[in-house]
Amino acid sequence: LTKATNYLNVKPRTRAQVIKYLTDKGYGSSDILDTVASLEEYKYIDDENYARLYFELGFEKGHGISRIRRELAEKGIERDLIEAVCNELEDQDAVPDQYEAALEIGLAAAAEYGIDHEQDEAGESLDYEQKTRLQSKIARRLAARGFSGEIAYRVAKEVIK
């Protein structure tokens, strides 16, 4: 129990992460399950709360829903729980509009490349190849942040007309 609580004192962890940690330390499965059950009982481990906080932090960082879902799954959160938390946050209007969030990031990216969307039609001075290259860069940046391909493509087209 001491090893697990020390591990949790560093930062919040999922149930799966604690189990893996204790397994890697050589503890037996019955000891691990007893320890995890105790930690869950006292709310030291709470995958639902972890997922909720992870979504909120991801949104603050400008990450898309698909990236946050993928990262939670990699941390061992069950898909059903991920979907339930996401749906709950959407019902509470805590999920930012994905298009608007992506558009904000896309506009910032265009500005980095010297395109001022407010001044004139973005990309007016660029030739077709330059526009295409810049749209691709913006779309890849958005996709890497976890926005859907559809949203990334729409935003890139909108930002660089």
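Before I go on, a word on the model. What you see is a predicted model, in which local features need pLDDT of at least 70 and side-chain atom pairs count only at pLDDT 80 or more, while totals for chains, interfaces and linings use all residues. Residues are numbered from 1 along each chain as its sequence is written, and side-chain values use heavy atoms, with hydrogens and water left out.

Within it, Glu88 forms a salt bridge with Arg52, and the closest N and O atoms of the pair are 3.1 Å apart. Glu88 belongs to helix α6 and Arg52 to helix α4, so this pair ties together parts that are 36 residues apart in sequence; helices here are DSSP runs of H or I with at least four residues, and strands runs of E with at least two, numbered from the N terminus. Are these two residues buried or exposed? Glu88, at 27% relative accessibility, counts as partly exposed, whereas Arg52, at 19%, counts as buried, where buried means under 20% relative accessible area, exposed over 50%, and partly exposed in between, with a 1.4 Å probe and protein chains only.

Another salt bridge joins the side chains of Arg67 and Glu71, at 2.8 Å from N to O. Both residues lie in helix α5, which covers residues 65–74, and they are four residues apart, about one turn of the helix; both are also buried. Lys161 and Glu158 form a further salt bridge, with their closest N and O atoms 3.6 Å apart, and here Lys161 is partly exposed at 43% relative accessibility, as is Glu158 with 29%.

Turning to helix packing, helix α1 (residues 2–10) and helix α2 (residues 15–24) pack at an angle of about 130°, with their axes 10 Å apart. The axes are lines fitted to C-alpha atoms, for helices over the stretch in contact, and the angles run from 0 to 180 degrees between N-to-C directions. The two helices, α1 and α2, are therefore oblique to each other, given that angles under 35 degrees count as roughly parallel, over 145 as roughly antiparallel, 65 to 115 as roughly perpendicular and the rest as oblique. Which residues make the contact? On the α1 side they are Lys3, Ala4, Tyr7 and Leu8, and on the α2 side Gln17, Val18, Tyr21 and Leu22, with contact meaning heavy atoms within 4.5 Å.

Finally, the loops. Most residues other than glycine have a negative phi. Lys43, however, has a positive phi of about 65° although it is not a glycine; Lys43 sits in the loop between α3 (29–41) and α4 (47–60) and, at 59% relative accessibility, counts as exposed. Asp93, also not a glycine, has a positive phi of about 55°, lies in the loop between α6 (79–91) and α7 (98–112), and is exposed at 69% relative accessibility. One more loop residue deserves a mention: Asp116, between α7 and α8 (128–144), is partly exposed at 38% relative accessibility, and its C-alpha atom is separated by 54 Å from that of Lys25, 91 residues away along the chain.

Note on methods. Salt bridge = Lys/Arg side-chain N within 4 Å of Asp/Glu carboxyl O.
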